[in-house]
Every structure is written in structure tokens, then in C-alpha cells.
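Subject: Structure handover

Hello,

I am passing on the structure we discussed. Please look it over first; my notes on what was found follow below.

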Amino acid sequence: HREYYVKWRHQDLNFRALEREWRRIDNKRHAVDEKSKQVTLIAELCALISGFQTMMFYETELPDLEQHRFPDALLCVWGVSCVSVACLYILCMVLAGFINFSILQVSAHEGTLSRPQHHTHDPSVPPPDTYTLDGSNPEGSMQGVDQFMHFWHARFDHKFCSLVRAFSLGIP
């Protein structure tokens with residue numbers, strides 16, 4: 001009877017360890033999904049506003065210049081502002097797409113990720129914000145939320161902040 005209990009307890013401990021591993025991977029997936037949705041939302045809004053700006057610029061009929069006289073500088077400023085807002089949002093959309101692609105590419109595989117130690121005297125060692133995969137799992141990337149958040153802060157936090165600032169520039 002004691003043998004079955006020990007065997008059952010060993011299986012139970014193994015299963016609990018697997019459950020903790022699954023939970024850690026699931027939490028990482030939720031964190032990745034949250035950041036990916038934030039970047040995707042900005043990309044979709046940029047595409048939408050850029051499309052509306054382009055259509056507004058194309059479809060707006062100017063009043064008859066005989067009846068209303070607009071200064072040339074005002075028309076030039078209006079045209080430049082419409083085109084620059086559309087270009088800014090297209091660039092924001094492309095940048096958001098690249099960020100989203102990089103996030104999903106790095107976090108697509110579950111696995112272990114080892115960060116190299118940065119030594120200033122050895123130029124062959126990459127800086128701490130770059131990640132290398134260890135030999136035991138060559139296609140894996142990161143397992144936990146802490147590894148993903150460290151990766152996010154090292155690589156994309158400043159880019160995401162710049163993206164949000166650029167997005168807010170075009171909104172009057």
C-alpha cells in the first residue's frame with residue numbers, strides 16, 4: 001500500500017511541476033498578447049486615420065476661387081499638413097507592424113532563453129539587450145513573463161513610446 005502512495009505522490013508532484021510550467025507559459029502568452037494588441041490597435045488606428053486623411057484631401061472641393069480668395073500660403077499650409085499627417089500615420093503603421101512582427105517572432109516558440117553576460121573587454125559578446133538561444137533548445141525563445149517583459153523593456157519600450165508620441169502628433 002505504501003508503494004502505491006509513494007508512486008502516486010511522485011506522479012502528483014511531477015504533474016504539479018508541469019502545471020506550474022504550463023501556467024508560466026500561459027502567463028507569458030497573455031503578456032505577449034496584451035502588448036501585441038496594443039501595437040496592433042495603434043497600427044489599425046493609424047491606417048484608418050491615414051485613409052480618412054487621404055480621402056478628405058482627395059474629395060474636398062475647393063470653393064470657387066472667383067468668389068472666395070484664399071491666400072496661397074494658407075492653401076499651401078493646408079496641403080502640406082494633410083499630406084504630412086497621412087505620411088506620419090503610414091510610417092507609424094509600418095513601424096507598429098515591424099514591432100508586432102518582432103514580438104510575435106521572438107515569442108512564438110516556448111523554450112529557455114539564456115542572456116549572455118556582457119563583458120566590455122570582449123567585443124564578440126553581444127550587449128545585454130540581445131538574446132541568444134541555448135544549445136538545449138535552439139529554436140526556443142522565452143518561457144516566462146519576466147523574460148518577456150525584460151525583452152520588451154530592453155528592445156521595444158522606447159520604440160513603443162516613440163510610436164505613441166508620433167501617433168499623438170497627428171491628432172489635433
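Helices here are DSSP runs of H or I with at least four residues, numbered from the N terminus. Please keep in mind that this is a predicted model.

Helix H1 spans residues 2-59, and Leu45 is found in it. Leu45 is one of the residues that make a nonpolar surface patch of about 380 Å², together with Leu41, Leu48 and Phe52. A patch takes residues with over 30% relative accessible area, and Leu45 has 33%, which makes it partly exposed.

Lys35 also has its place in helix H1. Is Lys35 buried or exposed? Lys35 is buried, yet no salt bridge is made by this residue. The nearest side chain of opposite charge belongs to Glu34, at 5.2 Å, whereas a salt bridge needs a nitrogen and a carboxyl oxygen within 4 Å. Apart from neighbours within four places in sequence, Lys35 is in contact with Phe148, Met149 and Trp152.

On the cysteines: a disulfide is a covalent bond between the sulfur atoms of two cysteines. How many disulfides does the structure hold? The count is zero. For Cys92, the closest cysteine sulfur is that of Cys46, 4.5 Å away, and therefore too far for a bond, since the cut-off for a pair of sulfur atoms is 2.5 Å. Cys92 is buried, with a relative accessible area of 4%. Cys82 is buried too, and its relative accessible area is 4%.

Regards

Note on methods. Residues are numbered from 1 along each chain as its sequence is written. This is a predicted model: local features need pLDDT of at least 70, side-chain atom pairs count only at pLDDT 80 or more; totals for chains, interfaces and linings use all residues. Side-chain values use heavy atoms; hydrogens and water are left out. Patches are made of residues with over 30% relative accessible area and no salt bridge: like charges are joined within 9 Å, nonpolar side chains (Val, Leu, Ile, Met, Phe, Trp, Tyr) within 5 Å. Accessible areas come from the Shrake-Rupley method with a 1.4 Å probe; for residues, only the protein chains shown count as cover. Helices (H or I, at least four residues) and strands (E, at least two) are DSSP runs, numbered from the N terminus. Buried means under 20% relative accessible area, exposed over 50%, partly exposed in between (1.4 Å probe, protein chains only). Lys and Arg count as positive and Asp and Glu as negative; His and the chain ends are not counted. Contact means heavy atoms within 4.5 Å.
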